[in-house]
Amino acid sequence: MRTLKLQIQTTIDGYMGGPEGEMDWVDFNWSDDVGAYIDAMTSSVDCILLGRELAGGFIPTWAAEPQGETKETVAWMNDTPKVVVSNTLTESPWPNATILGGDLASAIRDLKERPGGDIVTYGGAKLASGLIAEGLIDEIHLFVNPVSIGRGLPVFPDVAGHQRFRLAGARPFECGITALHYEPKRD
């Protein structure tokens with residue numbers, strides 16, 4: 001079964017976005033060690049999973065080859081097949097992307113059972129929260145930015161009961177961001 005990895009930017013007080021989804025608090029002045037960590041984490045990935053709203057900005061941004069990114073990163077982001085979770089779209093308006101609809105838990109379990117490498121998701125907030133709430137994430141990679149915003153979109157949604165995780169690794173980077181790698185404790 002394929003591993004589903006969540007890579008998400010977060011504040012030290014646990015938010016993945018401001019109250020309206022603002023990301024103006026994220027520090028993108030990454031040191032080289034962040035890139036090396038991400039390269040290692042995604043080396044086994046051959047599928048990017050996105051929510052519909054995030055896909056609308058994510059896919060065109062990478063297609064435009066953003067400044068400051070390496071040619072290898074841009075090529076990987078554009079060439080890696082994408083699956084967009086949506087119950088409103090029936091076909092993809094983007095190249096190299098397919099639509100996945102229906103019951104989230106069933107659809108993601110089916111995707112994980114297909115042949116292939118690992119899957120990475122960057123969210124958006126609704127998708128990330130839904131995947132966490134359903135217990136579908138196999139690895140969580142929190143990129144903790146040294147900032148608090150007081151309120152916003154929480155990384156971890158309200159769920160019934162406790163979800164327990166095992167710390168698989170922690171890595172501070174030269175730029176001040178710290179990666180926390182967790183795996184769920186499953187019976």
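Below are my entries, going from the whole chain down to single residues.

**Ground rules.** I'm looking at a predicted model, where local features need pLDDT of at least 70 and side-chain atom pairs count only at pLDDT 80 or more, while totals for chains, interfaces and linings use all residues. Residues are numbered from 1 along each chain as its sequence is written, and side-chain values use heavy atoms, with hydrogens and water left out.

**Overall build.** I looked up the secondary structure and got five helices and 10 strands. Helices here are DSSP runs of H or I with at least four residues, strands are runs of E with at least two, and both are numbered from the N terminus. Next I checked the radius of gyration, taken over C-alpha atoms, against the globule rule of 2.2 Å times the number of residues to the power 0.38. The protein has 16 Å, which agrees with the value near 16 Å for a compact globule of 187 residues. I also noted that the C-alpha atoms fill a box of roughly 45 × 40 × 30 Å along the principal axes.

**Inside and out.** How much of the protein is buried? I found 41% of the 187 residues; buried means under 20% relative accessible area, exposed over 50%, and partly exposed in between, with a 1.4 Å probe and protein chains only. For contacts (heavy atoms within 4.5 Å), I took the pairs with a separation of 6 or more, and 72% of those join residues 24 or more positions apart.

**The cores.** A nonpolar core is a set of buried Ala, Val, Leu, Ile, Met, Phe, Trp, Tyr and Cys residues joined through side-chain atoms within 4.5 Å. The largest one has 23 residues, and Leu4, Leu49, Ile108 and Leu131 are among those with the most contacts inside it. β1 (4-11), β3 (45-51), α4 (104-113), α5 (125-133) and β7 (139-145) each give this core at least two residues. I then found a second, separate core of 15 residues, including Met41 and Phe58.

**Zooming in on Leu4.** Setting aside residues up to four places away in sequence, I saw Leu4 touch Leu49, Ile108 and Leu131, among others.

**Around α5.** The buried residues of α5 include Leu127, Gly130 and Ile132. Just after α5, Gly135 takes a positive phi of about 70°.

**Last stop, Leu54.** Leaving out residues up to four places away in sequence, Leu54 touches Tyr122, Gly123 and Gly124.
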